Structure formats: C-alpha cells, structure tokens
Amino acid sequence: MSRFEPSTIESKWQTAWEQAGTFTATRDPAKDKYYVLEMFPYPSGRIHMGHVRNYTMGDVIARYKMSCGFSVLHPMGWDAFGMPAENAAMERGGHPKDWTYGNIADMRDQMKPLGLSIDWSREFATCDPEYYGQQQAMFIDMLHAGLVYRKNAIVNWDPVDMTVLANEQVEDGRGWRSGALVERRELTQWFFKISDFSEELLSALDGLDNWPEKVKLMQRNWIGKSRGLEFAFGTVDAPEGFDRIEVYTTRPDTLMGASFVGISPDHPLAKQLESHDDKVAAFCAECRKGGTTEEAIETAEKLGYDTGIKVRHPFDTSWELPVYIANFILMDYGTGAIFGCPAHDQRDFEFATKYDLPITPVFEPTDGASGLTEAFVPLKSETVRYVRGFAGEQVQTGEAGVNSAIDFCEENGVGHGVTKFRLRDWGLSRQRYWGCPIPVVHCEDCGVVPEKKENLPVELPYDNGNEPIDFAVPGNPLDRHPTWRDCACPSCGKPAKRETDTMDTFVDSSWYYARFTAPRAETPTNAEDAEYWMNVDQYIGGIEHAILHLLYSRFFARAMQITGHLPKKAVEPFDALFTQGMVTHEIYLTRDENGRPVYHLPETILEYTSNVDGKKKAVLKLGVTRANMDPKTVSADVLTEASRQGLFDGYEVETIPSAKMSKSKKNVVDPVNIIQAFGADTARWFVLSDSPPERDVEWTASGAEAAYKHLGRVWRVAGDIATQEGAGKGDEELTRTVHKAIHDVTMGIESFGFNAAVAKLYGLANAIQKSKAGADARRDAMKVLAQLMSPMTPHLSEEIWSMLGGEGLVIDAPWPKADPKMLVEDTVTLPIQINGKRKAEISVAKDLPKEEVEKLALANDAVVKALAGGQPKKLIVVPGRIINVVI
RNA sequence: GCCCGCGUGGUGGAAUGGUAGACACAGGGGACUUAAAAUCCCUAGGCAGGAAUGCCGUGCCGGUUCGAAUCCGGCCGCGGGUACCA
C-alpha cells in the first residue's frame with residue numbers, strides 16, 4: 001500500500017472541485033440560500049495562522065451547508081486600501097498600488113492550497129476602481145440624502161513633518177517618525193451622520209438574536225444613551241456674549257453638591273479668553289499637546305485653569321462657583337461644559353482636592369455616612385439617603401433622584417431633560433493617498449459640488465505625469481500633484497479643485513458584503529441578487545471588530561437602504577455573528593540606537609535562553625553570521641533587517657507576552673511551511689482541533705505533526721477496509737457509536753464547537769479502528785466518518801470516499817442523519833454523592849421510577865456505611881443525572 | 001482611565017448548575033525490529049500509601065445552593081476596544 005501523500009491527493013481534489021464548478025454560487029430559486037462570509041483580509045502579503053483559522057471555520061460552515069442542500073455563497077476579497085501600503089512605499093520605495101496587487105497575488109497563491117470552498121469568480125479588491133467607483137456613486141447619493149456633511153474636527157498634527165498622524169503613529173505623545181510632540185489641530189472634515197441613527201442602532205440590537213451578547217453589550221455602551229439635564233448657569237464677570245454657560249449633566253440630583261464649572265479648552269468661551277490672555281493661551285496650548293485618543297485624554301494628568309469668571313447657582317443666586325478650563329472635558333460630548341460634584345465623581349473629587357475646592361456630599365449610604373477619602377459613587381439602581389436633595393423622596397435610588405431632579409428643574413424653569421448619545425458622527429476624511437477619493441469638487445463660485453456620476457470613478461493618479469509620486473515626503477501626495485487636483489466644476493464648468501481627502505477604509509469594508517452578491521454589476525448592487533443573497537447568514541470575524549467595523553456596517557446598510565441600494569430586509573446585514581478568538585504569539589524585539597523597539601519574526605528565533613532577571617530572553621537564528629551574508633541562502637527581508645540592525649545568529653532579544661498577531665509587531669507565523677510539510681488538511685484539522693474557536697489561541701509549533709499522524713492513521717484504516725470484502729456480523733455497538741458521532745459532530749458544527757466535534761471524530765476513528773465488526777459495517781462506518789470529516793479535511797475525505805466506493809463527490813453527498821433510536825441508551829450510570837461529593841455509582845434502567853432509584857441508592861454499600869444506621873437529612877434524585885444523599 | 005472578555009494538569013483544552021480533567025500533545029513503560037523510524041498496547045492532576053483508599057484541587061477571597069469550573073459580590077493577572085491600525 002502506498003504512503004499517505006497529501007500533496008498528491010490535495011491538488012487532485014482541488015482540480016476535481018474546480019472542474020465540477022462545485023463552489024460557484026448560483027442564484028437558484030428552487031433552493032434555500034446560505035451566505036457565509038468571513039471578514040476579508042488586509043493584503044499584507046503573507047497569510048498567517050489567524051487567517052487559516054478564520055477561513056477554515058467559515059469553510060466548515062460553508063461545506064456543511066452545501067452538504068445539507070443549500071445554495072451557498074462563500075466569497076473572498078481584499079480590504080486593500082490603508083496605511084501599510086503607503087508606509088511600505090515610504091520605507092522601500094515603489095508604489096502602493098504595485099505593492100498591494102503584488103501582495104494580493106501572493107496571498108491568493110498561499111490561500112488556494114488550503115482548499116477553501118470559495119467562489120473565486122466573485123473576488124475583488126476594494127482598491128479596484130470598479131469597486132471604489134461604485135462607492136463614490138453611493139457617497140454622492142448619501143450626500144444628496146443628507147447623510148454626509150462637513151464640519152471641523154480635531155486631528156493629530158505633527159508640527160515637524162507638517163502632517164496628520166493616525167493614532168497608531170503617535171507613540172507616547174510623539175510622532176513616530178519625527179519624534180516631535182504631537183498637537184491637536186482642527187481641520188474641516190467629511191462626516192457621515194451616524195448619530196441620526198443612534199436610537200435605531202441601539203434598539204435594533206435587541207433583534208440580533210444570533211449575535212454574541214458581549215458584542216451587543218459593547219455596542220450598547222459605545223452608543224451610550226443617557227438621560228440628563230441641560231441647563232445654563234448665569235455668569236459673573238464674563239466677556240460679552242457669554243452671559244450664560246450651557247452645561248449637560250447626567251446627575252442633576254447632585255446639583256446641590258456642585259463646586260465648580262468646567263469647560264473644554266475648545267469651548268467658545270475658552271477660545272475667546274485665549275485670544276486676549278497669554279496665560280489662558282499657554283494653558284490651552286498645554287491641553288492640546290498629546291494625542292487625540294480617548295485613552296490619552298482620560299489618562300493624562302487632570303489639569304485646570306481658574307478663569308476668574310464665576311457662575312451663579314441656579315437655585316441660589318448668591319452662591320457663586322468658579323469656572324475652570326479643564327483638559328479632560330471633551331467639546332464633542334454634551335455641551336463641552338459640565339459642573340463638577342466632587343463628592344460623587346472620582347475625577348471631580350481628585351480635581352477638587354488638587355485645586356482645593358469644596359467637597360459637599362449630596363447623599364449617603366442608607367447604612368451610615370461615608371468617609372470622604374474618595375468619591376461615593378454607588379450604582380444608580382442603589383438606594384441612598386439624600387442629605388442635600390431637592391426633589392423626590394429623601395431615601396430613593398439614584399435613578400429616581402435623577403428623574404425627580406429633572407422634573408423639578410423643568411417645573412422651575414431651570415433647563416430641560418434631554419436624551420443624549422455618546423456616539424459621535426463618523427469622520428471619514430483621511431489626508432492620505434491610498435484610499436477611495438472623496439468625489440467632490442471645490443469651486444470658487446459654486447462651493448462644494450459632487451462630481452457627476454458619469455465622471456466616476458474619480459481615479460487615483462498613478463504618478464505625477466511621468467514622474468513617480470514621492471511617498472517619502474510627508475503629507476498627502478494628492479495635495480501636491482501637479483494636475484490631478486485641477487478639474488472642471490461639474491456645475492458651472494469653470495476651473496476648480498478636487499477634494500484631496502480620501503475615505504476612511506472602514507467605508508470600504510462597510511458594504512463589501514453587499515457587493516459580493518453582484519460583484520460585476522454596473523451599479524453598487526443589483527436588486528435581484530441582493531434580494532436573493534442578503535442577508536449574510538453567518539458572518540465570522542475577530543472580536544477586535546466588535547464595535548467600529550460592525551457598527552459602521554450596520555449604519556451603512558441603513559444608508560444604502562435609504563439611497564435604494566439594499567432591500568429593507570438588509571438593514572441588519574448580518575443575521576448571525578461569530579467572533580473567533582485571535583491567534584496570538586509572543587513578541588520579540590531589540591532596540592535601535594534611540595531605544596525604540598525593533599521587532600523580529602518568530603521564524604528568526606532560535607531558542608529560549610533561561611529567564612534572566614525575571615525577563616524571558618531568546619536568541620536569533622537569522623541564518624546570518626557576521627561572516628556569512630550570502631544572499632543565496634538568506635532571504636532578502638532577513639538580510640536587510642540583519643544588516644540594518646547589525647544582528648547575527650545568537651544575538652539576544654527581549655520577549656514580551658503574547659498579543660494579537662500584527663504585522664507591525666512581527667509576531668506572525670507563516671502557515672505556508674506547515675502546508676508544505678504536512679498538507680492543507682493537517683493545517684485545517686490542527687487549527688480546528690486545539691482551541692475553542694471563540695477563544696484566543698497561542699500558536700505553538702508542536703501539535704501539527706500529531707494532526708498529520710492522525711490523518712495518516714485514518715487514511716490507512718480506510719485503505720485496509722477498502723481491501724477487505726464480504727459481509728460480517730454487523731456490530732450494534734459500532735452502529736450506535738456512528739449515530740452518536742453523527743449527532744455530536746452535527747451539533748458541534750452547528751454550535752461552533754469545532755474542537756469538541758474534532759474530539760468526537762477522534763473517538764469515532766478510534767472506534768472503527770478497534771471494532772471487530774464485519775467489513776461491510778466498518779466500510780459504512782468509515783464512509784460516515786469521511787462525510788463527517790469532510791468539512792474539516794475535505795481532500796482526505798474525498799479520497800477515502802472514493803476509495804470506499806462512495807458515489808460522486810463527498811461534498812455532493814447528503815449530510816448523514818442520526819437515527820434517534822440509536823442515541824438512546826437503555827441503562828444509565830448514576831453517580832451517588834454523599835454531601836455533594838461523589839462516593840459511588842449505580843447502573844439502572846433508564847426509566848426506573850424515582851422511588852426505586854432511591855431504594856437502590858440507600859441500599860448502596862457506601863451510603864449504608866456513611867449513614868451508619870441513621871437517616872439521611874435529605875435525598876435528591878435527579879432522574880438520569882445524579883443522586884445526592886445529604887447526611 | 002473607561003467598556004468588554006478570559007484565567008482548569010507539564011501543554012492545548014473538555015465539562016455552562018449534577019462523576020472536574022473528555023479528546024489530544026509532550027512524558028514514562030512495554031510490544032514489534034539486528035537497530036532506528038513508523039506503528040501498536042499500557043500509564044498518567046497533586047500529596048500520602050505496597051494497594052485498597054483517603055485528603056487536596058478549576059487565578060485569589062467571600063457568598064448563594066443538597067451540589068459551583070459554571071451563578072452572585074470583591075480582588076489579582078492577562079487580552080481586546082477606546083472613534084485616523086485593519
């Protein structure tokens with residue numbers, strides 16, 4: 001008998017599927033459809049184990065649904081715009097377009113050997129003009145529908161490179177290339193009006209029954225609906241035009257504990273003061289240092305500046321509060337102004353302590369007074385005693401206190417109750433080259449005018465005339481392109497300038513699922529195809545997309561419905577969501593001359609040395625010694641890295657604990673080596689077998705070989721069975737095992753319990769191998785095993801299926817059904833617990849009455865011994881499960 | 001900082017209120033072999049014990065329950081997100 005050779009059988013069956021057109025999705029009205037989608041990858045150039053895991057999971061579902069008779073759509077494409085392409089051009093020269101399409105070709109070549117059931121005829125990249133042109137058309141429709149507008153927004157500004165930085169490019173408040181202290185700067189930017197949909201996006205979460213609760217909870221918190229009071233303080237000694245300061249508070253019940261008013265450094269009053277007062281200007285400049293992230297703002301030291309302006313308390317005009325400019329107040333949320341109640345807010349407490357402001361409790365715990373070493377911040381649902389309340393009962397919950405405070409204030413003409421959302425509008429402008437151009441034109445006479453649809457796509461220029469675009473110069477090359485910006489105004493025809501901002505890449509990924517239903521259509525979507533294929537029945541992706549990508553997609557589907565590009569039923573585009581865990585890996589780094597980290601690929605790590613000073617260390621194996629820099633034996637990337645850093649074999653590197661695999665940290669593992677050594681089925685089997693799919697998995701190289709051995713064993717056992725002939729005595733035990741496996745594996749696949757399903761498949765394979773049943777029974781069992789394994793190890797399964805005389809392709813064979821009669825056991829083993837600890841077990845008929853079970857239990861030796869002649873306090877019998885004797 | 005998760009043998013993990021450690025990996029022992037590889041069989045949470053068995057045990061502390069890895073509260077550690085990484 002020949003050896004198990006994955007490379008031979010895998011290419012054979014991939015060809016067979018291709019020739020049969022097995023994975024071509026067709027709109028077949030006679031069949032129910034099933035749309036499986038995995039989040040499409042960014043074309044970094046190399047697939048990694050995370051991709052293998054993600055796409056294998058989707059493939060299991062797709063193949064299983066095909067076997068169940070569905071018309072399946074399982075497409076693949078590329079999230080191809082984004083910063084890494086520009087960074088590559090900056091570092092190594094070349095063009096983002098060439099880099100991206102080259103990477104796509106490489107990654108496609110790496111993915112195809114996996115044998116995924118993908119309809120490659122639908123493939124596209126978001127950087128294809130055919131794709132982003134349709135996106136521009138929708139943008140124009142959305143602009144007309146009032147879903148897009150312009151306003152000022154704050155960006156990270158690198159004052160040395162004179163360019164806008166992404167949050168990722170700000171490290172410890174400094175620009176990643178220049179090292180300059182980053183400032184916050186205002187620019188006019190394009191926005192989607194997602195905030196108009198806050199209520200809708202929130203309430204519609206309740207209908208997403210097949211989404212993980214944690215994702216819905218994260219989105220609820222992100223949207224952040226709150227009810228509060230908006231009112232104005234009258235000012236004293238304020239500049240003209242500022243006789244009132246509007247504030248918003250979610251805790252109006254603490255109004256009698258107010259001790260200061262805080263305004264954002266971007267508040268109109270702060271700006272007014274700044275323009276006349278150097279000290280204020282200096283303070284505001286200080287506040288604007290650092291990055292724009294919420295994290296940077298929230299964790300920065302809380303700073304305040306006393307403006308000298310006072311406000312009058314609305315309930316007591318003789319009570320005056322100071323007005324501070326404070327760095328932690330966001331202009332984007334509420335009114336950009338708050339009142340602080342230090343007794344019941346930890347941040348305000350620290351602020352008041354720092355600036356020596358009064359701390360006046362408004363309420364206390366019902367079981368005694370709280371000390372004032374920190375703010376007393378109970379849950380709103382908790383009952384407290386108000387000592388400085390002004391509305392409602394003295395003892396009430398915080399929530400009741402808030403509601404009565406709002407009612408009281410409205411009745412007394414102090415402000416009004418309002419509902420606000422934390423969700424901000426979606427800023428889509430990017431001052432970058434490698435993105436979808438925003439299709440508008442700036443005309444001196446007509447203002448901002450959308451491009452005519454017949455002029456779409458507004459294509460990115462490849463070069464500056466004949467000169468290559470220089471990406472090494474900071475800033476957006478579109479801004480300094482000699483001719484691209486120049487155009488005719490679509491409205492009046494006079495010379496005008498194109499918008500040079502491109503779109504956030506989240507726009508690209510907010511509708512690709514819809515485009516896959518008709519990827520070559522001359523319009524963004526095709527109504528019939530969208531009607532048939534939408535919604536995505538199963539969407540699979542990483543938990544890191546729980547908020548932004550998934551929320552933006554939900555918004556975009558609504559915007560597409562309003563502009564006529566999607567049917568009403570598709571406003572929630574993803575019926576079911578599964579968030580797989582990430583593949584993580586340790587990170588290896590050395591430091592450059594400035595102490596900045598330089599990361600290294602795991603494949604360049606030779607071994608661990610022992611822990612030194614509590615820090616784990618590893619050494620490099622670059623295949624490079626100082627003497628040997630032979631380009632024939634060392635890959636170009638490694639050589640470049642090695643020579644740039646002066647690294648060589650044995651060089652010691654720092655290791656830091658596992659984190660999400662990311663290209664920038666270089667903690668990525670290359671699956672290509674594994675596929676070459678063991679075959680795709682082994683890689684697929686391995687990524688499914690070892691971890692629950694929703695959990696992160698730390699990649700370790702060991703284990704792939706074990707998967708390979710097991711598949712070889714299955715292949716061998718199948719081969720043995722294929723050569724045997726003649727009926728034997730059917731073995732009921734084997735048949736029962738087979739039906740139990742059908743049931744368990746089917747349930748496992750349906751519930752994303754792939755690792756548990758794999759364990760059951762190990763069990764079935766072991767049972768078949770050890771069974772003494774006749775050849776025919778074992779052949780039938782092995783054919784079922786091939787079917788059950790086929791979503792996971794499709795090539796091996798086809799081979800076995802054909803070896804054993806199965807009809808046609810295993811992928812076309814109907815999924816086996818478990819006979820319910822075969823799943824029922826006649827007798828059950830009941831553990832007997834004494835005081836909750838297992839002490840014995842008895843075997844009883846399945847339907848034995850409870851009283852009989854009790855008798856048997858009490859007659860059990862261990863129970864008799866433990867009772868020592870006494871009576872049990874309690875006897876619990878859970879039929880079919882357990883007996884517990886309480887003594 | 002804030003929001004959301006996760007934490008079980010040497011390792012990956014199973015069990016989602018009912019026998020903790022299924023199924024594997026690495027390990028140990030054995031069979032086959034001149035030998036090795038491959039394959040097959042046995043063993044395996046910790047401690048004590050020759051064994052039967054007993055005690056301990058799911059990050060830590062406390063609670064609910066006849067019964068908790070599982071539910072609740074508090075803490076510790078790690079990870080994801082934090083609106084310009086995708």
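**Close-up views of chain A**

**Figure 1. Contacts across chain A.** Among contacts in chain A between residues at least 6 apart in sequence, 72% join residues at least 24 apart. The model shown here is predicted. Chain A has 887 residues, and 53% of them count as buried. Its secondary structure comprises 27 helices and 38 strands.

**Figure 2. An open sheet of 3 strands.** Here we zoom in on β14, β15 and β16, which form an open sheet in the order β14-β15-β16. The pairing in this sheet is antiparallel. Which strands sit at the edges? They are β14, spanning 363-365, and β16, spanning 395-397, and each pairs on one side only. Going from one strand to the next, the twist averages 45 degrees. As a friendly reminder, strands of a sheet pair through backbone hydrogen bonds, in either a parallel or an antiparallel manner.

Figure 3. Helix α12, made up of residues 398-411, lies across β15 and β16. At what angle does α12 run to β16? The helix runs at about 95 degrees to that strand. Strand β16, at residues 395-397, is one of the edge strands of the sheet.

Notes
Residues numbered from 1 in each chain as written. Chains lettered and ligands numbered in written order. Predicted model: local features only at pLDDT ≥ 70, side-chain atom pairs only at ≥ 80, totals over all residues. Heavy atoms only, no water. Pairing = 2+ DSSP bridges. Helix = DSSP H or I, 4+ residues; strand = E, 2+ residues; numbered from the N terminus. Axes fitted to C-alpha atoms, helices over the stretch in contact; angles between N-to-C directions. Contact = heavy atoms within 4.5 Å. Buried < 20%, exposed > 50% of the residue type's maximum accessible area, 1.4 Å probe, protein only.
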